[in-house]
Amino acid sequence: MGSTLGPMLKTSTRLLRLLSLLQSRRHWTGAELCERLEVDARTVRRDVDRLRELGYPVQASAGVGGGYRLAAGASLPPLLLDDDEAVAMVVALRSAASSVARIEDTAVGLLGKLDQLLPARLRRRVGALYSVTLSLGQNQESPDVDTLTELAGACRDHRLLELDYNDRGGRASQRTIEPLRLVNSGRRWYLLAWDRSRDDWRLFRADRIRGLRCGGGFVPRKFPEDVAAYVQRSISQVMTGEGLRVRLRGSAEALAPTLPPWCGVLEHIDEGNSLLHVRGDSAEEILALLALTGVEFELIDGAERVAQLREVAQRLLRGLDAQAG
């Protein structure tokens with residue numbers, strides 16, 4: 001037995017390494033696998049056959065550009081994860097449980113299975129994260145998981161969608177759209193799409209979609225700018241109400257990383273100053289947004305709102321003075 005144990009362990013270790021490589025990338029050439037595993041081509045072919053016997057659907061192709069890939073199978077074989085991947089999966093599941101409706105029970109069940117399988121060193125890492133993290137629970141505005149998967153599939157397959165959609169005022173409408181990209185921002189999910197009835201790009205909140213139907217295919221349009229920048233700007237501009245502009249101490253480049261996007265739209269002036277466009281439905285809302293910037297500001301326009309803003313500020317000061325007294 002002593003003469004065979006060493007080779008058996010070496011083969012098992014090599015098989016796990018091969019499986020990890022195949023799961024980490026869509027395609028590997030035979031030469032690349034030989035180099036990574038430090039074995040010859042014959043050994044790679046033999047190890048691939050062993051994985052197939054264990055239920056892993058490894059596909060092989062010959063010729064120029066040929067190689068090996070792990071295909072989707074009729075059933076899900078065991079998944080091999082390294083330490084960082086396992087921790088990332090646990091963190092992602094915890095986040096999904098609080099940001100997507102009707103997925104919480106499934107996520108919690110899967111977390112329970114992972115917790116039983118995690119080595120002690122990884123349980124300590126995950127436990128440290130949980131011990132200092134507070135979850136506020138399910139957001140009632142979180143979109144349904146079925147809605148998100150349908151939207152994602154339509155984006156991927158370039159399929160037209162007919163939406164039953166409610167705007168922020170609760171007004172219902174029907175839209176025919178060409179979906180491009182699904183975007184996540186915290187607990188909010190947005191769909192970027194070409195709205196055929198408006199003949200323009202539009203951003204739809206997924207939790208306001210009340211129904212959707214998938215139609216025929218379409219040729220995707222090229223989006224004219226950076227998707228992330230467009231969505232960030234659109235989210236910042238959704239606030240209604242009267243607006244005003246203020247000059248902030250600090251350049252736009254320096255303030256952008258720390259300024260909450262819902263405070264308003266930031267513009268560059270010079271190296272020491274920037275311009276912020278603020279909108280709000282009330283003086284209280286505008287004053288709160290200005291306070292959230294966390295920097296000194298100077299009013300540029302909107303003088304007609306000064307009296308209202310001053311009244312709110314004085315009310316806050318009276319409350320603080322009363323407490324101090």
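This is a predicted model: local features need pLDDT of at least 70, side-chain atom pairs count only at pLDDT 80 or more; totals for chains, interfaces and linings use all residues.
How many aromatic pairs does a search of the whole structure find? The search finds four.

**Overall make-up**

The protein has 325 residues, of which 34% count as buried. Its secondary structure consists of eleven helices and eleven strands. Among the contacts with a separation of 6 or more, 58% are between residues 24 or more positions apart.

**Aromatic pairs**

A pair of aromatic rings is described by the distance of the centres and the angle of the planes.

| Pair | Distance of centres | Angle of planes | Burial |
|---|---|---|---|
| Trp201 and Phe223 | 4.9 Å | 75° | both buried |
| Phe223 and Tyr230 | 5.1 Å | 75° | both buried |

Planes over 60 degrees apart count as edge-to-face. The planes of Trp201 and Phe223 stand at 75°, so this pair is edge-to-face. Trp201 lies in strand E6 (residues 200–205), whereas Phe223 lies in the loop between strand E7 (209–217) and helix H8 (227–236). The two residues are 22 residues apart, and their pair links distant parts of the chain. The planes of Phe223 and Tyr230 also make an angle of 75°, and therefore this pair is edge-to-face. Through ring pairs, Trp194, Trp201, Phe223 and Tyr230 are joined into a cluster.

**The sheet**

Strands of a sheet pair through backbone hydrogen bonds, either parallel or antiparallel. In this model, five strands form an open sheet with antiparallel pairing, in the order E6-E5-E4-E3-E7. Strands E6 and E7 each have a single partner strand, so one side of each edge strand has no neighbour in the sheet. From one strand to the next, the twist averages 45°.

Six bridges join strand E3 (residues 159–166) to E7 in the antiparallel sense. Glu162 has Arg213 in E7 as its bridge partner. Helix H7 (residues 145–157) packs on the sheet and touches E3, strand E4 (172–185), strand E5 (188–195) and E7. The direction of H7 makes about 85° with that of E4.

**Helix H10**

Which residues of helix H10 (residues 283–293) are buried? They are Ala283, Ile286, Leu287, Leu289, Leu290 and Thr293. Seen down the axis of H10, these buried residues fall within an arc of 160°, so they line one face of the helix. Just after H10, Gly294 has a positive phi of about 75°.

Notes: Residues are numbered from 1 along each chain as its sequence is written. Side-chain values use heavy atoms; hydrogens and water are left out. Rings of Phe, Tyr and Trp (its six-membered ring) pair if their centres lie within 6.5 Å; planes under 30 degrees apart count as stacked, over 60 as edge-to-face and the rest as tilted. Helices (H or I, at least four residues) and strands (E, at least two) are DSSP runs, numbered from the N terminus. Buried means under 20% relative accessible area, exposed over 50%, partly exposed in between (1.4 Å probe, protein chains only). Contact means heavy atoms within 4.5 Å. The arc is that of the directions from the helix axis to the C-beta atoms. Two strands pair if DSSP finds at least two bridges between them. Axes are lines fitted to C-alpha atoms, for helices over the stretch in contact, and angles run from 0 to 180 degrees between N-to-C directions.
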